[in-house]
Amino acid sequence: MKKNANSRGSLIQRLVLAPYSLWAVLFIVVPLFFIAFYAFTDSQMHFTLHNIRNVFTYRINQDETLPYYVMVFGRSLKLAVISTLICLLLGYPFAYRIARATPRTQSILITIIMIPMWMNFLIRTYAWMVILQDKGILNGGLALLGLGPIHVIGTETAVIIGMVYDYLPYMILPIYSVMAKMDNKLLEAARDLGCNGFGVLRRVIWPLSLPGVISGVNMVLIPSVSTFYISQKLGGKMKLIGDEIEEKYTNFDFNGAAAIAFIMMILLLVVMALLQHRANKRSVA
Amino acid sequence: MKTLSKVYTALILLFLFAPIVILIVFSFNGSNSTAVMSGFSFQWYEELFHNSNILEAVRNTLVLAVASAVISTIMGTAAAVGIFRLRSKYLRAALDTVTNIPMINPDIITGISLMLMFVFVGRFFGLSNSLSFWTMLIAHVTFCLPYVILQVLPKLQQMDKSLPEAAMDLGCTHFRAFLKVEIPELFPGILTGMIMAFTMSLDDFVISYFTAGPGFQTLPVLIYSMTKKTVKPTIYSLATIIFFVILALLTLSNLVDSDTDKAIKEARKKKKAKNQAN
């Protein structure tokens with residue numbers, strides 16, 4: 001009797017899991033193979049290495065030292081890393097400040113942080129274009145103070161401002177959620193044992209908050225590397241790797257788009273594995 | 001130190017909200033400039049409510065968000081229950097990995113990968129255009145599912161295993177025990193998952209952009225094509241409305257939250273007092 005009930009249970013289990021398993025294979029796993037498939041075929045669906053080779057060899061001018069797409073990849077990575085570091089620098093103390101507040105203040109501050117997140121990011125980014133453009137609000141304000149004008153729009157600075165603005169909450173929230181669970185007694189113990197403020201931060205708070213930092217870094221770095229809207233609106237003619245994919249998509253060059261996407265995917269996997277590896281090493285140490 | 005922390009908090013909040021305040025102010029601009037304020041008017045709000053493109057996009061966005069939230073909540077809850085009871089470690093690890101893919105992958109990869117598959121399948125069946133409401137719905141359900149699963153799974157882990165067993169001992173069938181005992185226990189997780197799925201779908205631009213057909217546009221995709229050209233302040237009035245709707249919803253949910261918190265605390269107090277009296 002008991003055995004019978006168990007086997008019926010497992011049948012229900014399988015039925016309950018079946019739709020999702022099927023969905024996940026069809027719409028998560030298989031599409032990724034389509035990126036590889038398109039990356040390694042031409043428009044007639046014949047095998048070719050041309051698309052992939054193109055990413056590593058294409059130059060607009062023959063005398064350029066770096067191939068074009070390698071340069072764009074480098075630029076995307078550079079801007080994304082800088083933005084992520086700025087987000088960490090700005091967000092970490094802020095997350096700490098929220099975590100130290102009373103429960104009521106905590107929930108108010110978290111709600112306030114989330115409001116911009118819930119606004120469409122296209123509109124948020126567009127607002128920065130209005131602020132930063134040459135005859136925009138920033139230069140208007142500077143003129144009132146008898147300063148400026150400064151040229152920001154179209155520079156790397158503008159793109160970094162956009163990235164930091166759009167993704168700062170994604171850095172604050174995971175760090176906060178780890179810090180909120182941190183045991184106050186540990187901090188007190190460290191102080192009692194003779195740690196100064198910086199020592200407590202370096203030896204207790206930072207290592208404990210590391211999981212939050214890692215997920216915050218992931219949540220800022222990945223959308224920053226792959227963005228195309230921020231660079232379109234704030235970067236002027238500057239292109240990031242997301243722009244290249246988007247441009248090939250709008251020109252119906254699906255094979256070219258897939259090749260860049262394929263390499264981006266592998267690159268990000270390597271970066272994330274390295275990040276995770278360092279985090280594991282640290283937590284062991 | 002205290003003043004430093006206050007100044008710092010104020011600066012961060014200023015950074016986060018200055019652009020939004022500017023949007024709101026300019027939505028009332030008397031001229032069509034997006035940089036110089038001249039006079040006050042409601043003309044952009046009027047124009048907004050007469051723009052049938054925008055209204056249709058709002059309707060599309062809501063329909064899509066509701067549909068993908070409902071589908072992903074049902075399928076995701078069932079999946080979480082299945083994953084939780086899975087005995088095979090390998091199968092569980094494999095499913096966990098696959099579930100994480102849409103959350104780790106950049107949106108542009110998810111979008112492109114789905115688009116390529118839809119185009120391929122469309123070509124296979126000889127369709128000239130394979131992207132439509134249905135492809136978008138598939139895409140949205142796909143990226144919403146992991147969030148639902150990750151909300152429901154922890155609730156299953158927290159649940160007292162003896163509860164459904166007790167129900168079955170008392171004569172419930174598996175299915176009835178699930179409906180009457182487990183679902184109510186999981187409800188907070190299911191609800192949070194559904195709200196997350198709804199808002200993710202509402203807000204998504206990148207994946208929608210790659211999987212949207214010409215006949216079905218959501219608001220973010222429309223905003224994208226609007227901001228390709230020079231923009232009139234209509235988009236600001238739209239942003240302003242969105243902002244206040246979100247503000248109202250968040251405030252409301254905060255109030256409800258603190259109310260339930262209070263209710264729980266009071267119930268606990270009463271219980272304690274009762275126990276002490278006994």
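Which residue forms a salt bridge with A:Arg124?

1. The partner is A:Asp166, with the closest N and O atoms 3.7 Å apart, a salt bridge being a side-chain nitrogen of Lys or Arg within 4 Å of a carboxyl oxygen of Asp or Glu. Because A:Arg124 belongs to helix H5 (residues 121–132) of chain A and A:Asp166 to helix H7 (residues 156–180) of chain A, the pair ties together parts that are 42 residues apart in sequence. Over all chains, the count comes to six salt bridges.

2. This is a predicted model, in which local features need pLDDT of at least 70 and side-chain atom pairs count only at pLDDT 80 or more, whereas totals for chains, interfaces and linings use all residues. Residues are numbered from 1 along each chain, chains are lettered from A, and side-chain values use heavy atoms, without hydrogens and water.

3. The contact (heavy atoms within 4.5 Å) takes 76 residues from chain A and 72 residues from chain B. Across this interface of chain B and chain A, the rule finds zero salt bridges. Helix H1 (residues 2–26) of chain B gives the most to the side of chain B that touches chain A, with 13 residues. That side of chain B divides into 55 nonpolar, twelve polar (Gly counted here) and five charged residues (Asp, Glu, Lys and Arg).

Terms used: Helix = DSSP H or I, 4+ residues; strand = E, 2+ residues; numbered from the N terminus.
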